[in-house]
Amino acid sequence: INRASAHLSVARPKPDEIKKKLSMYGFQSPPTEYLILIDDVITSGAQFRAYSDVVIQNHPNLKIVGVFWAKTSWSNPFEGMI
């Protein structure tokens with residue numbers, strides 16, 4: 001999908017909005033019981049949710065695993081822990 005990065009955008013699409021633009025192409029039957037979806041950053045999780053929902057609609061027994069290389073952090077995650 002051609003769109004602005006979610007972590008740089010004020011108007012973040014919801015999973016249902018993203019799913020409207022997706023089509024499932026690929027395997028007729030999964031070659032394995034797991035599918036790994038890889039993304040560079042998880043901001044709201046909407047993109048991952050949309051893609052995993054579309055895959056599960058077509059292959060309900062497939063287990064989806066998400067791998068994200070970074071996470072957008074708007075504050076110090078360790079604040080108040082010390």
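Let me start with how I name the pieces: helices (H or I, at least four residues) and strands (E, at least two) are DSSP runs, numbered from the N terminus. His59, for instance, is placed in the loop between H2 and strand E2 (63-71).

Some housekeeping. This is a predicted model, where local features need pLDDT of at least 70 and side-chain atom pairs count only at pLDDT 80 or more, while totals for chains, interfaces and linings use all residues. Residues are numbered from 1 along each chain as its sequence is written, and side-chain values use heavy atoms, with hydrogens and water left out.

So, the overall layout. The protein chain has 2 helices and 2 strands, and reading from the N terminus the order is α-β-α-β. I'll be saying "buried" a lot, and by that I mean under 20% relative accessible area, with exposed over 50% and partly exposed in between (1.4 Å probe, protein chains only). On that scale, 21% of the 82 residues in the protein chain are buried. A contact, for me, is heavy atoms within 4.5 Å. If you take contacts in the protein chain between residues at least 6 apart in sequence, 77% of them join residues at least 24 apart.

Is His59 buried or exposed? His59 counts as buried, because its relative accessibility is 10%. What does His59 touch, leaving aside its neighbours within four places in sequence? Its contacts there are Met24, Phe27, Gln28, Ser29 and Pro30.

Next, the core. I'm calling a nonpolar core a set of buried Ala, Val, Leu, Ile, Met, Phe, Trp, Tyr and Cys residues joined through side-chain atoms within 4.5 Å. The largest one here has 5 residues: Ile18, Leu22, Ala46, Ala50 and Val54. Helix H2 (residues 46-58) is the biggest giver to this core, with 3 residues. As background, nonpolar side chains tend to be buried together in soluble globular proteins.

While we're on H2, its buried residues are Ala46, Gln47, Ala50, Ser52, Asp53, Val54 and Val55. A quick check on its length: the expected span of a helix is 1.5 Å times one less than its number of residues. For the 13 residues of H2 that should be 18 Å, and the end C-alpha atoms are 19 Å apart, so the two agree.

Now the charged side chains. A salt bridge here means a side-chain nitrogen of Lys or Arg within 4 Å of a carboxyl oxygen of Asp or Glu, and the structure holds 4 of them. One is Asp16 with Lys19, at 3.3 Å from N to O. Those two are separated by about one helical turn, because they sit 3 residues apart in helix H1 (residues 15-19). Asp16 counts as exposed, since its relative accessibility is 52%.

Asp53 is buried, because its relative accessibility is 14%, whereas Arg49, at 47%, is partly exposed. How do these join up? Asp16, Lys19, Arg49 and Asp53 are linked in a network of salt bridges. Arg49 also has its C-alpha atom 9.3 Å from that of Ile18, 31 residues away along the chain.

Another salt bridge pairs Glu33 with Lys63, with the closest N and O atoms 3.1 Å apart. This pair links distant parts of the chain: Glu33 is in the loop between H1 and strand E1 (34-42) and Lys63 is in strand E2, 30 residues apart. Glu33 is partly exposed at 44% relative accessible area, and Lys63 is partly exposed at 37%.

Last stop, the rings. Rings of Phe, Tyr and Trp (its six-membered ring) pair if their centres lie within 6.5 Å, and planes under 30 degrees apart count as stacked, over 60 as edge-to-face and the rest as tilted. The structure holds 1 aromatic pair. Phe48 and Phe68 have ring centres 5.4 Å apart and planes at 80 degrees, so the pair is edge-to-face. Phe48 lies in helix H2 and Phe68 in strand E2, so the pair ties together parts 20 residues apart in sequence.
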